[in-house]
Amino acid sequence: GMDTLLACHVIYYFRDRLDEFMGLVRDNMKYVCLIGNTNRARHYKAGDLSRLAGFEYYSTVEGMKDLLQRYGFAITYESEERTPIVVGEVRGKK
């Protein structure tokens with residue numbers, strides 16, 4: 001009965017299971033709001049990948065947009081003003 005996923009400071013921790021998780025999200029959610037992590041995004045952009053082996057990418061606006069679009073979500077909102085945020089919607093899904 002739910003149609004929205006809110007994931008705050010967590011998506012990059014799925015690591016090697018991220019694709020499996022996003023397949024479930026695509027199949028079950030119409031809306032997704034991903035909230036990244038400013039510090040992890042800064043580390044990623046500086047090339048410091050020691051903590052999450054590159055999965056820090058998904059703490060950035062670019063990474064979250066890429067992830068949502070790969071799974072069929074249209075981006076409806078994005079911001080880096082205070083913290084990275086991306087919102088997506090599967091169009092035509094009830």
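Tutor: In this predicted model, four strands make an open sheet, ordered 1-2-4-3, with mixed pairing. Strand 1 (4-8) and strand 3 (74-79) are at the edges with a single partner strand each, so one side of each has no neighbour in the sheet. On average, neighbouring strands are turned by 10 degrees against each other, direction ignored. Axes are lines fitted to C-alpha atoms, for helices over the stretch in contact; angles run from 0 to 180 degrees between N-to-C directions. Helices (H or I, at least four residues) and strands (E, at least two) are DSSP runs, numbered from the N terminus. Two strands pair if DSSP finds at least two bridges between them.

Strand 2 (residues 31-35) pairs with strand 4 (residues 85-89) in the antiparallel sense, over five bridges. There, Ile35 stands opposite Ile85. Helix 3 (residues 61-70) lies across strand 2, strand 3 and strand 4. Its angle to strand 4 is about 15 degrees.

Val32 has contacts (heavy atoms within 4.5 Å) beyond four places in sequence, among them Leu5, Leu68 and Val86.

Ser79 lies in strand 3. Leaving out residues up to four places away in sequence, Ser79 touches Val61, Pro84 and Ile85.

Two notes on the numbers. Residues count from 1 along each chain as its sequence is written. Local features need pLDDT of at least 70, side-chain atom pairs need 80 or more, totals for chains, interfaces and linings use all residues, and side-chain values use heavy atoms, without hydrogens and water.
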